[in-house]
Amino acid sequence: MGNLMCHLFTFLILSSSLFSQFGSVEITFDDRLLRNDERQDLLPLKEDIRRFFLTTSWDKEYVDLNIPLHIQLIFQGSSSKGNVKTYLCQALFTNGSDLRYFDKGVQFYYSAGTSIYFDLVLFEPLSGFLAFYAQLILAGEIDTYEFRGGNTAFEIAREIALRGSGSEYKKGWASRMALVDDLSGNSGLRNARLAYYVAIDFMKEGDVEGAVKNFGDMLDGLEKTYRDFGREQHTQYFMKFQSENLVKVFSLLGQRKLLQDIKELDPDRWEIYQAALDSMSE
């Protein structure tokens, strides 16, 4: 009977993950600042978080995104009030590509044996925190498929942040609200990311003209972001992550102008763009 229940549980997890937006979830903990008994209490948390992301249906339309998700939690301490143990940690969420969000501090309570369940109306600090970053990752991913496709996810993240700000666990939620506003309002970066991924699709299809046009649109979006926000960190991370691939593609296409333009927009990697330009002159 035990083996049957185990197989049934595994089947349910796998079946639900087919309809989830996250294809894999890797979680690492840094719990060196916690006591041994606290580390023991947190042992089931990794699997609980993984199950939460894989079994929650985050979006009814985009059901096959298969997003890889990487989470790092850095525990800084804990406090107790009655029977409730509250943990304080920093966190990093990334899709392993050009979406990366670092949170300086979050509070949540956790008890082994209780499932993590997200409800937009009934706010809980742990599920709300995890769902908030799930929505940010989803918004960024869906933006690469459809113009302003991530709007709904951004709005849900904003609603979570609003409820968090009004809860007993307010730490960090004002900053998260500002983060949603910054990301959703950065039309230049959103346009640039969409244009980049459309251009890559054109490259795969052998449509050079379509690729070059969309790479040009990408640069226009990056320039708009620079005008509106200066050297904004999320735009900088996008350029850092994609720079080597852009060098290869622009060089392959023989696009000196695109290389010149990206070199001006991304001075931190000036050398690699200049090296590519020098190679094209030889």
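Biologist: Is Phe 75 buried or exposed?
Modeller: This is a predicted model, in which local features need pLDDT of at least 70 and side-chain atom pairs count only at pLDDT 80 or more, whereas totals for chains, interfaces and linings use all residues. Residues are numbered from 1 along each chain as its sequence is written, and side-chain values use heavy atoms, with hydrogens and water left out. A residue is called buried under 20% relative accessible area, exposed over 50% and partly exposed in between, using a 1.4 Å probe and protein chains only. Because the relative accessibility of Phe 75 is 1%, this residue counts as buried.

Biologist: Which strand holds Phe 108, the aromatic partner of Phe 75?
Modeller: Phe 75 and Phe 108 form an edge-to-face pair, with 6.4 Å from centre to centre and 70° between the planes; rings of Phe, Tyr and Trp (its six-membered ring) pair if their centres lie within 6.5 Å, and planes under 30 degrees apart are stacked, over 60 edge-to-face and the rest tilted. Strands are DSSP runs of E with at least two residues and helices are runs of H or I with at least four, numbered from the N terminus. The pair links distant parts of the chain, 33 residues apart, with Phe 75 in strand S2 and Phe 108 in strand S4 (residues 100-109).

Biologist: How many residues apart in sequence are the parts tied together by Phe 75 and Tyr 87?
Modeller: By the ring rule, the count comes to 24 aromatic pairs. Among them is the edge-to-face pair of Phe 75 and Tyr 87, at 6.1 Å centre to centre with 80° between the planes. Phe 75 lies in strand S2 and Tyr 87 in strand S3 (residues 84-94), so the parts that the pair ties together are separated in sequence by 12 residues.

Biologist: Which ring does the charged end of Arg 176 sit over?
Modeller: A charge is said to sit over a ring if NZ of Lys or CZ of Arg is within 6 Å of the ring centre and within 35 degrees of the ring normal. The charged end of Lys 46 sits in this way over Phe 29, 5.3 Å from the ring centre. For the charged end of Arg 176, the distance is 4.5 Å from the centre of the ring of Trp 173.

Biologist: What is the distance between the end C-alpha atoms of helix H7?
Modeller: Helix H7 covers residues 187-205 and has 19 residues; the expected span of a helix is 1.5 Å times one less than its number of residues.

Biologist: Which residue does the side chain of Asp 266 reach by a polar contact of 2.8 Å?
Modeller: Asp 266 is found in the loop between helix H10 (256-265) and helix H11 (270-281), and it counts as buried because its relative accessibility is 0%. A polar contact is a pair of N or O atoms within 3.5 Å, where within protein one must be able to donate a hydrogen and the other to accept it, and residues adjacent in sequence count only if both atoms are side-chain atoms. The side chain of Asp 266 makes such a contact with the side chain of Arg 269.

Biologist: Which residues does Asp 59 contact, leaving aside its neighbours within four places in sequence?
Modeller: Asp 59 is found in the loop between helix H3 (45-55) and strand S2 (67-81), and at 18% relative accessibility it counts as buried. With contact meaning heavy atoms within 4.5 Å, the residues that Asp 59 touches beyond those neighbours are Gln 21 and Ile 142.
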